[in-house]
Amino acid sequence: MLFDPTIFLEALVSPALIQGALTTIGLSICVQVTAFALCLPVAIGLSSKRAAVRWVLLAYVWLFRSAPMILVLLFIWNGLPQLFPIFRSSWFTPFLAAYIGMTLVGVAYNAEIMRAALGSLGAGQREAAAALGLTRFQAFRLVVLPQAMRIALPSLMNEFISLLKSTSLAYTISLRELMTTTSLSISASFRFTEWYACAFLYYLVMVSILTLAQSWIERRMSAPYSRKSNDRNSGLQPARTAPPLNGSAQNL
């Protein structure tokens, strides 16, 4: 069978595929927002002076960075109901199971990114803030965190893009996201090329939008530092004067 543009266009605007794409986007945003909110306390705790806190968080990060995403999803969806009867109720939906599993993995990866970003800033930043009379919390919020975010942003956005594509693994727990909807449509029509092309186009558009957003945010966050650097460099430039004329040139 040849590629049929009519079937492709019908599939592209089909309500089922649009709903699957919206589920993918909604799950990705919910997971990333939660993972970002939780990764900062975990990243700070990884450098805690309390050994118990540090080792517990290190074990958490090690565990969920080692486990494949699909294994975490299957354990939460199939394992938790066996361990805890409360998860056998109707409120425990595939979306919620995917949200929990992907958040646990996302926090581990994002915490490592933030820990590295915070560790890349020297102690001089905090010492300078203390010299200005800032408290430790003010120094962290106003001096350390903005610089760490600028360093971590590219990696965090890359994790977001990877998360968006990893939502396709939720088909294993029957979540009707983009790839699950595509597979069900293919099983009903046996039109592989058209439906896979539609799914690829949806992912291409979503990832492209995130990439453009990443570039825009990076420019906005780097703009103040670029202006300060330009102002500093322009202030250090000596005034250029014309070289003195030699005697023959003066006579001319």
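Helices and strands here are DSSP runs, helices of at least four residues and strands of at least two, numbered from the N terminus. With that settled, a reminder that this is a predicted model.

An unreviewed UniProt entry carries the label "transmembrane region" for residues 20-43, 55-77, 89-109 and 194-217. I looked at two of those spans in the model. Residues 89-109 are 76% helix and 0% strand, with the end C-alpha atoms 30 Å apart. Residues 55-77 come out at 91% helix and 0% strand, and there the end C-alpha atoms are separated by 28 Å.

Next, the largest pocket. Its volume is about 540 Å³. Seventeen is the number to remember for the lining: 17 residues, with Ile44, Arg126, Arg136, Phe140 and Val144 lying nearest the centre. Which helices supply at least two residues each to that lining? They are α2 (15-46), α5 (94-119), α6 (123-131) and α7. Of these, α7 gives the most, with five residues. Sorted by class, the lining of the largest pocket holds nine nonpolar residues, four polar and four charged.

Now the backbone. As a general point, most residues other than glycine have a negative phi. Two residues in this model are worth a look on that account. Serine 174 is not a glycine, yet has a positive phi of about 70 degrees. Where does serine 174 sit? In the loop between α7 (136-166) and α8 (178-189). Serine 174 has a relative accessible area of 53%, so it is classed as exposed.

The other one is phenylalanine 190, with a phi near 60 degrees, again positive in a residue other than glycine. Phenylalanine 190 belongs to the loop between α8 and α9 (192-236). Is its side of the story buried or exposed? Phenylalanine 190 counts as exposed, because its relative accessibility is 53% and the cut-off for exposed is over 50%.

Last, the cysteines. A disulfide is a covalent bond between the sulfur atoms of two cysteines. How many disulfides does the model have? The count is zero, taking a pair of cysteine sulfur atoms within 2.5 Å as the rule. For anyone thinking about accessibility, cysteine 30 is partly exposed, with a relative accessible area of 35%. Cysteine 198, by contrast, is at 0% relative accessibility and therefore counts as buried, the limit for buried being under 20%.

Key. Residues are numbered from 1 along each chain as its sequence is written. This is a predicted model: local features need pLDDT of at least 70, side-chain atom pairs count only at pLDDT 80 or more; totals for chains, interfaces and linings use all residues. Side-chain values use heavy atoms; hydrogens and water are left out. Buried means under 20% relative accessible area, exposed over 50%, partly exposed in between (1.4 Å probe, protein chains only). On a 1 Å grid over the protein atoms alone, a cavity is a set of points where a 1.4 Å probe fits but cannot get out, and a pocket is an open set with protein on both sides within 12 Å along at least five of seven lines; lining residues have an atom within 4 Å of a point. Grid points are joined across faces, edges and corners, and a volume is the space filled by probe spheres set on the points. Ala, Val, Leu, Ile, Met, Phe, Trp, Tyr, Cys and Pro count as nonpolar, Asp, Glu, Lys and Arg as charged, and the others, Gly among them, as polar. UniProt positions are given in the numbering used here, feature names are shortened, and annotations may be inferred rather than shown by experiment.
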